[in-house]
Amino acid sequence: MSNYHIKNLEEYFQVYRKSVREPENFWQEVAEEHFVWRKKWDKVLKWDFTKPEIKWFENAKLNITENCIDRHLLTKAEKTAIIWEPNDPKEKPLHITYNELHKKINNVANVLKDKGIKKGDRVCIYLPMIPELAYAVLACARIGAIHSVVFAGFSFSALAARTLDADCKMLITADGSFRGNKTIDLKGIVDKALEDCPDVETVLVAKRTGAEINMKEGRDQWLEPLMEKASDECKPEVMDSEDPLFILYTSGSTGKPKGMVHTTAGYMVYSAYTFKNIFNYQNDDVYWCTADIGWITGHSYILYGPLLNGATTVMFEGVPSYPDFGRFWEIVEKHKVNQFYTAPTAIRALAKKNLEFVDKYDLSSLKVLGSVGEPINEEAWHWYDNNIGKSKSPIVDTWWQTETGGIMISSIPFVTPTKPTFATLPFPGIQLVLMDEEGIEIKGNQVDGRLCIKFPWPSMARTIWRNHDRYRDTYFSTFKNKYFTGDGALRDEVGYYRITGRVDDVIIVSGHNLGTAPIEDAINEHPAVAESAVVGFPNEVKGNALYGFVILKETGEKRDRDNLRKEINQTIADKIGPIAKPDKIQFVEGLPKTRSGKIMRRILRKIASGDTSDLGDTSTLLNPEVVEEIIKNR
Ligand code: PRX
């Protein structure tokens, strides 16, 4: 198993060097030794960042579910593939073996085929964290349909926009979902969304809450009875390496969400290889990632990466605060979790609670802790290290994006010495560069700049669904011949990287990417609103919170402000989802603008954070007087 499991720092450097000097040989070895292929590739890599065009393992043939499931049936048919932990701890967890998973995904795959879904068709999946979500995703992959999972916390209009953009023929959902002590009427949201999506022919509904729901005749059908009738065998569709595997939407700083398209072979090789190394997964380990499968973290590191390695992966339906703030640790003890992967926002929320919630449980099974989604601050890092890892489980701070498909920067546990708040070193194959605003590469150490990647890696998104121009403009036009991440980073004296945050108008709130423009668009839709600007400001738990500055129309001026706030928040919740609601909305007379009419967000960010001591140069403003007014009424 050359290269596959990196064991010490010297080996990491060797492997890294090889991955840069001979990238094709390097990835070829990884791909050859650890996967089953129906046909091997003709060429490992073809690329051109100016178009951009990226092809890995050209002309290879495979099916990713054969690699996730079928090949494990020879040796680990009775091993647990998925431990499903329900929202309510009184309900029994499920242990789904590789054998059962095989049967279930074949059942669902046959149902999809029966409903006319073919290779290349798009299927929207809007499900809570129940086993059917895993079955639906893998069933699509089995038959070559492209899955587009929409996080079940998104609103009806966000769901409609994504369903329409991907032109989905089918939608898979549930009668409802449980989240803590709340029950959510998922099917009601779907019905409302589908009023605008006439091309969805079939809705399959999994039963979860048992709520009374409407079933639209000719369109809606319960999933379980269809699965029961379906055959347990479904031949995997033979896919080309570059056939799309899935679309996953992510917010941009402007405009509509971007449907990032990930393809089959490269994504498979990279998600599997990173999983194995970054979590130091050993054969009988139990691995748990607390993300939702509605995000890329869940795609790559709840489902594909772990299953490709024949791992046992935990899928948790609930929330960290229910029935109390000890829930995560109760689950770690119950399932003897060895690798635990979560987001800094969860760590910060739990760190605010009494340590009794932690100390009640036996966490001695833990070997590796992970963090993802936003920068982890030093305090949270130490709390995690001391109280959860008991200073013996290395923390992997993993930096990556929906677009990158897999982890790009991370320490490797027991290999790379960690340093709080630093994601540390690039993973093999990842060639990072820092650029200045003029487009010049910043060399050397102890520098900071805009983080770019100058060479392709197997799991990079290949395009934006039906919008290749936007893909090029967003990622490949800021810096010539480089993929621009949108993040700033610094490189310390030994070459470790620390991510400093977004340099565009994307704000990360509780680990969720939110573009300011779509939120402003939602606010502006309120009939009383003339204009608005949304910025982020530091929040102890969420990392960032949102602050909305709103100019009212004359008609709005006469209205009650609290009611207006409520209505604006509701508009945002309907258009995007509750996570996009600002913590504060301030009504203002005007917004600080440059002479060319651009809103000076730098000033608004300062005001929002309460730090108005040094607002920098305001002399270039068209309307400097509004700044005083905004500060006064803050
Ligand atoms: O700003 C970075 C931040 O999250 C962004 C990507 O968000 P998304 O596509 O939703 O994917 C999140 C899960 C992979 C990045 O551009 N980010 C992610 N991980 C880290 C991070 N910032 C700092 N440290 C991290 N470990």
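Biologist: How do the residues of the shell around the ligand divide into nonpolar, polar and charged?

Modeller: Welcome! Keep in mind that we are looking at a predicted model. In the shell around the ligand, seven residues are nonpolar, six are polar and four are charged.

Biologist: How many residues surround the ligand, and which are the closest?

Modeller: The ligand is surrounded by 17 residues. Asp397, Thr398, Thr402, Asp487 and Arg502 are the closest.

Biologist: Which polar side-chain atoms lie 2.8 Å from the ligand?

Modeller: Let us take them one at a time. Asp397 places a polar side-chain atom 2.8 Å from a nitrogen atom of the ligand. Arg502 has a polar side-chain atom 2.8 Å from an oxygen atom of the ligand. The backbone takes part as well: a polar backbone atom of Glu374 is 3.3 Å from a nitrogen atom of the ligand. On its own, the ligand has 540 Å² of accessible area, and the protein covers 95% of that.

Biologist: Which elements give two or more residues to that shell?

Modeller: Look for helix H11 (296-308), strand S20 (395-398) and strand S25 (497-502).

Biologist: Let us turn to salt bridges. What is the general idea, and how many does a search of the whole structure find?

Modeller: Side chains of opposite charge can pair when their charged atoms come close. Here, a search of the whole structure finds 45 salt bridges.

Biologist: Where in the chain do Lys187 and Asp220 lie, and how far apart are the closest N and O atoms of their salt bridge?

Modeller: The closest N and O atoms in the salt bridge between Lys187 and Asp220 are 2.7 Å apart. This pair links distant parts of the chain, with Lys187 in helix H8 (residues 186-194) and Asp220 in strand S12 (residues 220-222), 33 residues apart.

Biologist: Are Lys187 and Asp220 buried or exposed?

Modeller: Buried means under 20% relative accessible area. Lys187 has a value of 1%, so it is buried. Asp220 is buried too, at 7%.

Biologist: Where do Asp562 and Arg565 lie?

Modeller: Both are in helix H19 (residues 561-575), three residues apart, about one turn of the helix. Asp562 counts as partly exposed at 48% relative accessibility, and Arg565 is partly exposed at 27%.

Biologist: Which residues are linked in a network of salt bridges?

Modeller: Glu85, Arg327, Glu330 and Lys334 are linked in such a network.

Biologist: One last feature, please. Which residues of helix H15 are buried, and what covers them?

Modeller: In helix H15 (residues 378-388), the buried residues are Ala380, Trp381, Trp383, Tyr384, Asp385, Asn387 and Ile388. Their cover includes helices H12 (327-335), H13 (344-351) and H14 (356-359), along with strands S18 (339-342), S19 (368-372) and S20. S20 also gives two or more residues to the shell around the ligand. After H15 comes Lys390, with a positive phi near 50°.

Note on methods: Residues are numbered from 1 along each chain as its sequence is written. This is a predicted model: local features need pLDDT of at least 70, side-chain atom pairs count only at pLDDT 80 or more; totals for chains, interfaces and linings use all residues. Side-chain values use heavy atoms; hydrogens and water are left out. A salt bridge is a side-chain nitrogen of Lys or Arg within 4 Å of a carboxyl oxygen of Asp or Glu. Helices (H or I, at least four residues) and strands (E, at least two) are DSSP runs, numbered from the N terminus. Buried means under 20% relative accessible area, exposed over 50%, partly exposed in between (1.4 Å probe, protein chains only). A residue is near a molecule or strand if one of its heavy atoms lies within 4 Å of it. A polar contact is a pair of N or O atoms within 3.5 Å; within protein, one must be able to donate a hydrogen and the other to accept it, and residues adjacent in sequence count only if both atoms are side-chain atoms. Accessible areas come from the Shrake-Rupley method with a 1.4 Å probe; for residues, only the protein chains shown count as cover. Ala, Val, Leu, Ile, Met, Phe, Trp, Tyr, Cys and Pro count as nonpolar, Asp, Glu, Lys and Arg as charged, and the others, Gly among them, as polar. Contact means heavy atoms within 4.5 Å.
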